[in-house]
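Subject: Structure handover

Hello,

Here is the structure I promised to pass on. Please open it first, then read my notes beside it.

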Amino acid sequence: MTLENNYYLKASQRETGTSDDLKNSAVSTVVTSLFWLLFVSNFMYLIFNFTDMPQWTLGNVLRINGFTILIWTTVTFFSAVVSSYASNYLKGFRFYSRFMMLSLGFTLSVMLLVMSNHIMLLLFSWLIMGFFMSRLIGVDTTWGEAREASKFTQKYFFTGTLFLSAGLLVLALNSGAYTVSGLSSAVSSLNPYLLMFSALCIIAAAIVQSAIYPFHRWLLSAMTAPTPASALMHAGFVNGAGILLAMFATLLFASDTLNILFIIGGFTAIIAQFTKLLQVNVKQKLGCSTIAQMGFMIMQCGLGFFNAAVVHLILHGFYKAYLFLSSGEEIAQTRPEKPIQLKIKPLQALVVLIFGGLGAYLFAYLTGKGLQWNSGVFLTLIVAITVGQATYNIVKEQSLSIWQKIVVPSVLFTTGIGIYALMYNGVTILMSDMPMVAQPMPLSWVQIIFGIIFLIGFFIMKLGVYKKIPWLYVKLMNLSQPNNKTVLMYKSQTI
């Protein structure tokens, strides 16, 4: 009798497994197909109506314009790629169907956010976007660390929603306008202190979601998420700050809070780049990298280039989704290497300076940023540093010939900057009906002083000086640790 019961139990388990596999396969096929259908539809609509993008409204509740279609196209593409990847990566995963449905809910919540015109709908979409992401982080409910990470991140997302609610409701109650477009028009007539309070609340909501210091720890604690969920989070969710700030650009200008964004973003970019160098875990490295990139995005908003911030979040989405989805391959091919010391010869330094300058000039010429004495100078400076760093990595490569070291940097920075300029100009056209999204700021002493601090921090990082200062090394290491309950707290416990 015992053998018979055992036989039927195994047969029942096989049938249940087969049933679950069929269910997971069906859910995966439907959701992935829907993502690709949405992406192709949005992309085709964007292409055919690019030069004359119509606007659609539903009372005071919804508004669809070029910016809306652009973000829809971006988020559905990332969701389609991630879900296609997950169809193989998560095959056999117990919570696969839940993962796919949560991904669908998250994608739809982002789409709802960018077409929301009424502030109550905007707040609702911001709230459920965080809800879906926290559930994706803790999708494996049998894993104690994942449950803790889900609860920990949900606290941050809820806090961000409270900040956003306070900022928008104070504006709405004092202006009588309950739409995004209405608030943008009303800010010029409101009390400056009221504007300052609302702007600071919206900035707080943005930096919480983008894991900007000091709210960075939730992202470092979210590594319990499956790799496809991490890709979706780093390619889409954390970029929401750029979307939110672009929607309320007029408020940030009217409240004179852009310098606050610039400084917060700059410090975050420097600190996160430092902490990235200390990590030994691939996902933690990518997490610190995302925080640094979000710092750069916030900096661009602080300089008045909200359109550049949107371009940055799109390009970062492509870059980071690829890195997360290929992280397994990187781990498999990793072997211990001796750290490379930064040593540059005079001739190499000259080549780096020449290509950095040429890259900056080409960037300024194609985008129009940096040609005048305003905040665009900083973006041009960052491009010069980026091109110079890439050039240095090429010229120090001993496997390349002299001619290759001259030709390769030229091809790379010309192609890269050309693609960026094309995207920048295209996004600017799509956002043309949004006020104050491409308004460079006059240069101020605050910007100049912090720009110098930023450069000093960059060279301290590249030269590895921080390694020779023990207290700084320890401080940076402690700063980049996840919440302790999300790491090895439930090693052998399941529910």
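Predicted model: local features only at pLDDT ≥ 70, side-chain atom pairs only at ≥ 80, totals over all residues.

Residues are numbered from 1 along each chain as its sequence is written, and side-chain values use heavy atoms, with hydrogens and water left out.

**The whole chain**

The chain has 20 helices and two strands. Both are DSSP runs numbered from the N terminus: helices are H or I with at least four residues, strands are E with at least two. The chain holds 495 residues, and 53% of them are buried. Buried means under 20% relative accessible area, exposed means over 50%, and partly exposed lies in between (1.4 Å probe, protein chains only). Now take contacts between residues at least 6 apart in sequence: 80% of these join residues at least 24 apart. A contact means heavy atoms within 4.5 Å.

Find Phe324 in helix α14 (residues 306–325). Is Phe324 buried or exposed? Phe324 counts as buried, because its relative accessibility is 0%. Leaving out residues up to four places away in sequence, Phe324 touches Thr227, Ser230, Ala231, His234, Lys283 and Leu286. Leu232 is 92 residues from Phe324 in sequence, yet their C-alpha atoms are 9.2 Å apart.

Next, look at Ser230, in helix α9 (residues 227–237). Ser230 also has 0% relative accessibility, so Ser230 counts as buried. Beyond its neighbours within four places in sequence, Ser230 contacts Ala225, Lys283 and Phe324.

**Phe93**

Phe93 sits in the loop between α2 and α3 (96–115). Which residues does Phe93 contact, leaving aside neighbours within four places in sequence? They are Asn24, Val139 and Asp140. Phe93 and Asn24 are 69 residues apart along the chain, with 9.1 Å between their C-alpha atoms.

**A helix pair**

Two packed helices are described by the angle between their axes and the distance between the axes. Helix α10 (residues 240–247) and helix α13 (residues 282–302) pack at about 10°, with axes 10 Å apart. Therefore α10 is roughly parallel to α13. Axes are lines fitted to C-alpha atoms, for helices over the stretch in contact, and angles run from 0 to 180 degrees between N-to-C directions. Angles under 35 degrees count as roughly parallel. In this pair, Ala241, Gly242 and Leu245 of α10 meet Met297, Ile298 and Cys301 of α13.

**A pocket and a cavity**

The second largest pocket has about 430 Å³ of space. It is lined by 17 residues, and the closest to its centre are Phe43, Leu46, Leu70, Thr73 and Met423. On a 1 Å grid over the protein atoms alone, a pocket is an open set of points with protein on both sides within 12 Å along at least five of seven lines; a cavity is a set where a 1.4 Å probe fits but cannot get out; lining residues have an atom within 4 Å of a point. Grid points are joined across faces, edges and corners, and a volume is the space filled by probe spheres set on the points.

The largest cavity has a volume of about 130 Å³. Its lining has 16 residues, with Ile71, Val75, Val110, Gly236 and Ile243 nearest the centre. Helix α2 gives the largest share of that lining, four residues.

Best wishes

Key: Parallel < 35°, antiparallel > 145°, perpendicular 65-115°, else oblique.
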